[in-house]
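Keep the sequence and the model open side by side.

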Amino acid sequence: MAKLTEYKDMAPRAKAVVEEIAGNRGIDPAAINNVWKALAHHPQVMEQFAGEMKAAFAPGKLDSLTKELIYLAVSVTNQCDYCIASHGAAARKKGMTEQQYSELLAIVGLANETNRLVTALGVEVDAAFR
């Protein structure tokens, strides 16, 4: 298990990252997620990761629920319990219903099965898809 650093014990560089995230979320910095507490030991990685998250979840052509659903689908495929829990909660907060979650899981399962089958069979991509 990763060693977690509580906000009060973080170095200034890590605290700055947490304070920005907490401010954007409207939460107390002490209530930050465990992933940030684990990353606090690696400030450069933490800053880079925070920047990537901020950019990926910034307003754009995809709405925020769709972004969470994509993140959740990839997390299910990669079997990341932490990310499934975290982004599942975020998706529910943004309006994901249990029916949507069921449909998402069906699509993820089918895509993973299809990917394995066509890879194992060495199926060539159709010219129409190129």
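Helix 4 passes helix 6 in a right-handed crossing. The model is a predicted one. Helix 4 spans residues 64-78 and helix 6 spans residues 98-121. Their axes lie 10 Å apart, at an angle of about 50°. The two helices are therefore oblique to each other. On the helix 4 side, the contact uses Leu-69, Leu-72, Ala-73, Val-76 and Thr-77. Helix 6 answers with Tyr-101, Leu-104, Leu-105, Val-108 and Asn-112. Sorted by class, this contact has eight nonpolar residues, two polar ones and no charged ones.

Helix 4 has another packing partner in helix 5, residues 81-93. Here the angle is about 160° and the axes are 9 Å apart. Angles over 145 degrees count as roughly antiparallel, so helix 4 and helix 5 are roughly antiparallel to each other. Their crossing is left-handed. From helix 4 come Leu-65, Glu-68, Leu-69, Tyr-71, Leu-72, Ser-75 and Val-76. They meet Cys-83, Ile-84, His-87, Gly-88, Ala-90 and Ala-91 of helix 5. By class, the contact of helix 4 with helix 5 holds nine nonpolar, three polar and one charged.

Look at Glu-68, which lies in helix 4. Is Glu-68 buried or exposed? Its relative accessible area is 5%. The cut-off for buried is under 20%, so Glu-68 is buried. Setting aside neighbours within four places in sequence, Glu-68 is in contact with Phe-57, His-87, Ala-90, Ala-91 and Lys-94.

Now step to the loop between helix 4 and helix 5, where Gln-79 lies. Most residues other than glycine have a negative phi. Phi of Gln-79 is near 60°, a positive value in a residue other than glycine. Gln-79 counts as exposed, because its relative accessibility is 67% and the exposed class starts over 50%.

Next comes the pair formed by helix 1 and helix 3. Helix 1 covers residues 12-25, and helix 3 covers residues 43-56. They pack at an angle of about 20°, with 9 Å between their axes. That angle makes helix 1 roughly parallel to helix 3. Helix 1 passes helix 3 in a left-handed crossing. Helix 1 brings Arg-13, Ala-14, Val-17, Val-18, Glu-20 and Ile-21 to the contact. Helix 3 brings Pro-43, Gln-44, Met-46, Glu-47, Ala-50 and Lys-54. Of the residues in this contact, seven are nonpolar, one is polar and four are charged.

In soluble globular proteins, nonpolar side chains tend to be buried together. Which residues form the largest nonpolar core? That core has 12 residues: Tyr-7, Met-10, Ala-14, Val-17, Val-18, Ile-21, Ile-32, Trp-36, Leu-39, Ala-40, Met-46 and Ala-50. The largest share, four residues, comes from helix 1. A second, separate core has nine residues, including Leu-65, Ala-91, Tyr-101 and Leu-104.

Val-18 is found in helix 1. Val-18 counts as buried, because its relative accessibility is 0%. Leaving aside neighbours within four places in sequence, Val-18 is in contact with Tyr-7, Met-10, Pro-29, Ile-32, Trp-36 and Met-46. Val-18 and Trp-36 are 18 residues apart in sequence, and their C-alpha atoms are 7.2 Å apart in space. Ala-50 touches Val-17, Ile-21 and Trp-36, not counting residues up to four places away in sequence.

The last stop is His-42, in the loop between helix 2 and helix 3. Along the chain, His-42 and Ala-14 are 28 residues apart. Their C-alpha atoms are separated by 8.2 Å.

Conventions. Residues numbered from 1 in each chain as written. Predicted model: local features only at pLDDT ≥ 70, side-chain atom pairs only at ≥ 80, totals over all residues. Heavy atoms only, no water. Axes fitted to C-alpha atoms, helices over the stretch in contact; angles between N-to-C directions. Parallel < 35°, antiparallel > 145°, perpendicular 65-115°, else oblique. Left-handed = near helix turned anticlockwise from the far one by under 90°. Contact = heavy atoms within 4.5 Å. Nonpolar A, V, L, I, M, F, W, Y, C, P; charged D, E, K, R; others polar. Core = buried A, V, L, I, M, F, W, Y, C linked by side-chain atoms within 4.5 Å. Buried < 20%, exposed > 50% of the residue type's maximum accessible area, 1.4 Å probe, protein only.
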